[in-house]
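Work through the exercises below with the coordinates open. Each task is followed by a solution in steps.

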Protein chains: 2
Amino acid sequence: MNSQRPEAFRMIGQRIPRVDARDKATGRTRYVADIKVQGALFGKVLRSPYPHARVLNVDISRAERLPGVRAVVTHADTPGVLYGSYSSGIKDEFILAKDRVRYVGDEVAAVAAIDPDIAMEALTLIRVNYEPLPGYFHPEEAMAEGTVPIHPSDRNIASHRLTVRGDPDAGLREADLVLDDRFETDLQIHAYLEPVACIVEYDSRDRFHLWAPIQNPSWSRIIFAEAMDLPIGRFHCVQTPIGGAFGGKLEQKLYLIGFLLARRAKRPIRLENTREEEFQSSMPRVPMVIYLKMGMRKDGLITAKTHRIIADNGAYAKYAPGVVNLGTYRIDGLYRIQNVRNECILVYTNRPPTSAFRGFGNPQITFAVESMIDVLSRKLGLDPLEVRIKNAALPGDVTAHGFRFTSCGFRESLEEVGRMMDYQRVRRERGPNEGIGLSGTTHVCGNRGFFPLFDGSTAIIRVDEGGNVRVIPGETDVGQGLLTTFAMIAAEALGVVLDRIRVDEGDTDLSAFGLGTWGDRATFIGGNAVRLAALEAKKEILRVAADMLEANVEDLDIHEDRIIVKGTPSRRLDFEEVTARAVYTQGGSPIMGKGTFIPESDGADSTLYGNISGTYAFGAQGCKVRVDPRTGEVEILEFYAAHDVGRAINPMACEGQVEGSVAQGIGYGLLEKVEYKDGVMLNPGFLHYRVPTALDVPKMCTALIESIDPAGPFGAKGVAEPSMTPTAACIANAIYNAVGVQIKEIPVTPQKVLKALKDKR
Amino acid sequence: MNSQRPEAFRMIGQRIPRVDARDKATGRTRYVADIKVQGALFGKVLRSPYPHARVLNVDISRAERLPGVRAVVTHADTPGVLYGSYSSGIKDEFILAKDRVRYVGDEVAAVAAIDPDIAMEALTLIRVNYEPLPGYFHPEEAMAEGTVPIHPSDRNIASHRLTVRGDPDAGLREADLVLDDRFETDLQIHAYLEPVACIVEYDSRDRFHLWAPIQNPSWSRIIFAEAMDLPIGRFHCVQTPIGGAFGGKLEQKLYLIGFLLARRAKRPIRLENTREEEFQSSMPRVPMVIYLKMGMRKDGLITAKTHRIIADNGAYAKYAPGVVNLGTYRIDGLYRIQNVRNECILVYTNRPPTSAFRGFGNPQITFAVESMIDVLSRKLGLDPLEVRIKNAALPGDVTAHGFRFTSCGFRESLEEVGRMMDYQRVRRERGPNEGIGLSGTTHVCGNRGFFPLFDGSTAIIRVDEGGNVRVIPGETDVGQGLLTTFAMIAAEALGVVLDRIRVDEGDTDLSAFGLGTWGDRATFIGGNAVRLAALEAKKEILRVAADMLEANVEDLDIHEDRIIVKGTPSRRLDFEEVTARAVYTQGGSPIMGKGTFIPESDGADSTLYGNISGTYAFGAQGCKVRVDPRTGEVEILEFYAAHDVGRAINPMACEGQVEGSVAQGIGYGLLEKVEYKDGVMLNPGFLHYRVPTALDVPKMCTALIESIDPAGPFGAKGVAEPSMTPTAACIANAIYNAVGVQIKEIPVTPQKVLKALKDKR
């Protein structure tokens with residue numbers, strides 16, 4: 001691989017504790033809940049208790065009269081325009097319900113009061129007359145003929161797309177074995193520890209200021225402007241430190257409600273979801289029914305793949321259209337399959353709106369595809385690892401959908417997982433009811449085309465007279481450690497110690513317009529922008545140093561905080577001497593560096609054909625499980641993950657990402673199940689919705705494959721999403737290997753295993 | 001005058017209410033006291049009760065044991081280095097007393113506790129052993145032979161400077177009348193309504209963050225770094241809205257104490273002076289004894305002027321060396337006197353350190369000089385107005401000290417005052433015990449040389465995709481309305497409505513390095529920087545608009561928020577259309593404009609000869625008083641002020657400045673008297689220290705003379721300081737005119753008038 005020698009780097013490749021770790025561990029980090037604002041009111045939201053109903057009347061008069069209540073808002077306080085997420089083109093939602101509610105949790109009214117108890121009491125004083133309508137809680141049910149339309153759309157279909165590449169029917173005919181099966185995935189709650197919360201101010205110049213843990217501050221303004229029917233300049237968004245996001249902290253309706261309350265009350269508003277509200281009304285993972293057909297030849301070659309997905313959009317279209325259309329075709333590049341047919345149907349139901357969640361549709365389809373590959377292989381008497389290696393994408397490939405793989409460490413990832421788990425030995429020598437499973441994954445590093453005018457990244461670096469380096473990126477740390485990654489990139493490029501660098505959270509009054517953090521774009525796209533900005537600042541610093549040292553700029557470098565003349569170590573200047581000189585003698589202006597990076601990729605055409613990302617990440621996972629045939633319980637004994645991260649900027653952080661992802665994947669595959677009855681969530685909290693604890697997560701071995709991407713910052717790509725994507729299939733495959741039953745619906749509960757074992761007998 | 005037609009401006013010259021008025025009037029403005037910080041402790045300072053004493057021992061053990069106390073700091077917690085104000089070169093102060101206290105209020109220790117009561121209680125538990133020393137409370141007493149040195153200096157002299165221009169002795173010989181007199185001015189308290197306060201945080205990366213109403217955030221870092229013996233990069237200063245400053249809110253020791261407490265407690269600290277502390281330990285106006293000699297010919301020509309000033313530095317050298325040396329020679333340019341001798345002796349006493357206060361020494365010397373001109377004129381049988389006009393500086397003058405007057409409306413100011421007050425008529429027809437007085441003034445607009453590396457100004461303007469214009473200046477609004485002035489300048493230069501513009505308070509992590517606001521530099525120097533930055537941003541906006549309109553940049557302009565093609569009104573674009581296009585299509589980067597302005601002046605040589613300001617402001621005042629010969633009380637019946645402001649950016653704001661200044665001058669001249677007994681202030685509060693109320697301030701007529709300075713932004717100069725400077729003399733002259741007694745010590749209390757009347761009889 002085209003690897004730069006590691007010793008050429010001072011910072012990149014080091015195992016660096018997070019720059020924000022100390023503050024987080026000692027409680028100094030100020031999350032939005034820790035920000036105190038003089039005179040702030042407490043807001044609360046009144047939500048529909050019905051999954052589907054007409055709203056005949058909302059009477060707020062008693063609530064308004066309650067002492068301590070400062071504002072009550074309803075649909076009448078909204079601009080009354082339908083809005084939607086920027087990318088989908090679907091506008092189907094009001095900020096507060098007009099004449100219809102569509103899920104239990106749908107926002108009807110909101111209150112601001114001088115304390116939270118009064119606000120809660122005021123909610124009980126709002127009288128809403130509902131006329132219940134039939135509710136639909138599964139997409140296949142909702143799209144049946146004769147249902148009541150949830151929105152004005154035929155058979156409750158929110159979006160429908162068919163994509164064909166090559167000749168899938170011919171491909172299937174070519175196969176020696178074709179399987180045709182139904183898989184199903186369920187809701188998954190983001191389960192970040194920090195609930196969605198915000199502080200909103202409406203200033204005396206009619207501008208809204210939002211402090212919130214928001215993944216995409218700049219971009220959100222566009223949605224806010226649309227929903228509030230105001231110019232985007234009226235919105236100022238400041239990102240507060242994010243206590244977990246996973247795609248769930250893109251723009252949130254709670255902020256819009258905050259705007260309404262703040263404008264009405266003319267006071268700052270504090271709003272915070274309860275945990276119950278988080279479960280009820282945040283935007284969980286899109287459930288999918290996947291009808292999958294794949295063909296394989298006897299030699300293991302996969303000849304074609306077709307899928308028909310029926311996905312649960314929930315009550316309103318957020319990012320689910322993107323999830324189902326864009327997220328589920330990424331897998332098609334993992335293996336060299338040129339015959340593909342994908343049909344995606346997104347259906348309204350009376351469940352919470354579903355949306356973006358780590359992997360963005362990829363974990364759903366990967367569960368199905370990676371499960372089927374194992375079954376195909378085994379039925380043909382082939383080794384699933386060998387089959388995967390045989391079909392694996394390679395560097396230079398152009399996929400059926402037009403993705404161009406400029407770097408690809410998939411094969412190496414598979415081989416490394418095999419090596420780590422001692423695959424061939426474990427395959428032969430396993431205990432009773434033990435099994436091993438494998439799976440693979442690929443993902444974009446930033447999906448082009450969501451915002452066609454600009455979807456690169458611009459970072460600004462400001463160096464002051466005291467030598468402080470402030471990095472103002474367009475992407476946000478969502479808890480994944482981006483502050484550290486960007487600090488390391490800036491320190492490496494500038495040649496200074498990490499302590500000089502401070503990376504900003506997002507602020508739309510300060511940073512460049514940027515799309516924020518999602519789709520594994522932050523390190524690859526944003527990291528490049530930070531690197532370029534740092535190099536520009538360095539150039540300016542060396543220019544000033546050259547004057548001071550009477551040397552040529554080309555002869556200078558910055559090394560560990562010192563400006564040195566290469567080859568003449570005695571001629572050197574401290575970094576701060578130079579920054580002070582630069583600022584004081586150049587009109588007081590801080591040294592500024594700006595870097596803009598736009599990935600080289602041309603985006604997709606209307607059929608979604610095209611290279612939609614500047615590069616792609618890959619990975620493979622393997623695990624060993626033991627199934628208890630009496631209880632159906634699955635114990636994961638060992639877990640292995642190898643991921644092509646391009647370059648590990650900070651190996652410790654990459655491993656942390658992978659380990660956290662696998663844990664989340666274990667939750668997705670085995671544990672996390674939202675229970676519903678008539679549209680009412682029965683387990684909205686951590687007591688009965690089981691996210692994995694330390695006890696559920698096995699010993700994990702992680703390997704980082706460095707394919708050194710030619711376009712990545714120092715070669716780096718993304719890792720946060722692909723490392724979660726393959727986990728569920730990996731576990732299901734191990735169960736299949738252990739006890740011979742293939743579970744096609746996740747989470748794989750003991751009940752499902754028991755039932756399958758019973759059916760098998 | 002070289003005046004641009006007023007109608008050529010859209011914004012400049014309009015009477016615009018302050019952009020921050022609504023927030024201030026409705027209580028929305030967040031002063032530092034309104035900022036809430038999670039977990040902040042309350043700090044309190046232990047101060048010396050002795051005017052002069054040895055400190056033998058400080059025992060904090062009991063205070064430390066008090067429950068709720070989180071930190072107690074003493075000299076041992078300081079770096080133990082002497083520091084001083086940047087400009088004086090004198091380093092005579094520790095942050096907390098080492099082995100000596102030098103005035104009542106001198107800082108000895110400080111405490112941080114979980115609530116202010118506990119902090120107060122902890123102070124009472126600190127045991128300090130003092131050994132009293134003799135105290136000196138007047139500079140002429142302190143500089144006597146045989147005094148105990150307050151600091152290691154001969155006869156307690158802190159600084160001494162002699163400046164001679166021309167031949168003063170020959171000048172005096174040329175005169176027909178020479179007067180030689182002693183004048184004395186006293187302490188004056190800044191009496192801003194917002195006490196000095198701060199919030200300090202010490203972060204986990206060893207960086208100090210200060211939120212405070214600070215006039216000079218960038219520059220302060222240099223003093224903080226010196227006092228704390230740390231690199232400047234370790235200090236981050238954020239200016240909070242300032243509730244009055246007048247020179248008193250330059251760097252303050254309270255902030256340094258905050259740093260010590262925050263570092264020790266590892267918690268945010270809130271510190272706030274009580275009103276008593278404000279009187280005791282803020283840095284009041286430098287009292288001066290002025291021995292003045294002036295000669296005048298029979299025709300009214302002033303032939304020479306010499307002064308010997310003995311000034312009270314108080315216990316430590318803050319800005320008093322600058323005040324006495326730089327502030328008192330400015331007057332010498334007001335009249336065309338080429339023979340000057342100035343001797344300035346600054347003496348340590350055991351009173352509070354004195355420092356910068358509106359006028360910076362100029363009100364003191366102006367009181368003496370303008371008093372003596374009236375007496376000289378009258379004794380020679382001349383009209384004081386005609387004498388002033390005869391000697392008045394004119395445009396193009398180069399003064400005895402080398403000041404170059406590129407614009408000068410002094411003569412017009414005198415004439416306008418005469419016209420407004422109907423001078424010739426009132427002179428003849430005045431009631432019993434009524435009198436009229438006049439006075440003149442000149443002042444710098446920014447004194448060069450305080451920070452030789454850079455003392456211009458750089459402003460940054462950021463325009464976002466929503467068309468919001470953020471102005472980041474290097475100067476601070478200190479309550480004088482700079483936010484509005486800068487917003488108007490930016491709006492005028494950009495061609496947009498005022499509502500788009502937001503002007504930042506200071507933030508050293510954001511703005512360019514700047515000297516802040518003092519010395520009437522903000523509008524003249526900073527305003528130019530803002531104008532240049534706005535023009536640069538406009539250029540970029542027009543470049544993008546030219547693409548959109550397929551027009552030439554030269555044919556475009558921005559008018560009232562619209563980009564227009566000159567002469568083709570139908571071809572136009574909204575401002576926000578263009579800013580959105582500019583940002584989205586250029587890598588997300590906001591539109592940035594940067595403007596740097598360095599006044600054309602070469603500074604002063606070691607004898608202080610040279611043009612130390614880019615331009616100079618002028619003004620004249622007149623008043624009519626009535627003296628009650630039985631009580632000695634003086635009633636001001638009418639007050640007139642005409643000031644050469646260059647160009648009135650916002651006439652309403654200029655008039656407000658003048659009116660506020662005159663009120664402060666009335667306090668200085670008539671009312672404000674700090675009473676001391678043995679070094680203890682007897683009236684540290686507004687009950688017994690009388691600042692003028694609305695009832696003390698007469699009807700006022702204000703005229704703005706627009707000399708349109710060639711270098712000023714749209715021709716503007718400063719007005720805040722010169723409008724306070726001449727008031728005391730004006731009143732004293734009117735008293736002299738009314739009852740024939742010349743009061744040479746201010747404030748002119750009824751007692752002094754009565755005594756003078758008695759002495760005269």
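Copies are superposed by least squares on the C-alpha atoms of residues with pLDDT of at least 70 in both. The model is a predicted one.

**Exercise 1.** Determine which rotation and shift superpose chain A on chain B, and name the relation.

Solution.
1. Two copies of a chain are related by a rotation about an axis and a shift along it.
2. Here the rotation is 180 degrees and the shift along its axis is 0.0 Å, with an RMSD of 0.0 Å.
3. Therefore the relation is that of a two-fold axis.
4. The residue of chain A that comes closest to the rotation axis is K36(A), whose C-alpha is at 2.7 Å.

**Exercise 2.** Describe the contact between the chains and the side of chain A that touches chain B.

Solution.
1. Chain A contributes 40 residues and chain B contributes 40 residues.
2. On the side of chain A, the elements giving two or more residues are α1 (21-25), α16 (575-585) and β23 (591-597).
3. Of the elements, α16(A) gives the most, with four residues.
4. By class, this side of chain A has ten nonpolar, 15 polar and 15 charged residues.
5. Both copies use the same surface, as 100% of the contact residues of chain A recur in chain B.

**Exercise 3.** Find the buried residues of helix α11 (residues 384-391) of chain B, and state how they are arranged and what covers them.

Solution.
1. The buried residues of α11(B) are P384(B), L385(B), V387(B) and R388(B).
2. Viewed down the axis of α11(B), these residues fall within an arc of 165 degrees, so they line one face of the helix.
3. Their cover includes α10 (362-379), α12 (410-420), α13 (423-428) and β16 (434-444) of chain B.

Definitions and conventions:
Residues are numbered from 1 along each chain as its sequence is written. Chains are lettered from A and ligands numbered from 1 in the order in which they are written. This is a predicted model: local features need pLDDT of at least 70, side-chain atom pairs count only at pLDDT 80 or more; totals for chains, interfaces and linings use all residues. A residue is buried if 20 or more other C-beta atoms lie within 10 Å of its own, exposed if 12 or fewer, and partly exposed in between; C-beta atoms are placed from the backbone. The arc is that of the directions from the helix axis to the C-beta atoms. Two residues are in contact if their C-beta atoms, placed from the backbone, lie within 7 Å. Ala, Val, Leu, Ile, Met, Phe, Trp, Tyr, Cys and Pro count as nonpolar, Asp, Glu, Lys and Arg as charged, and the others, Gly among them, as polar.
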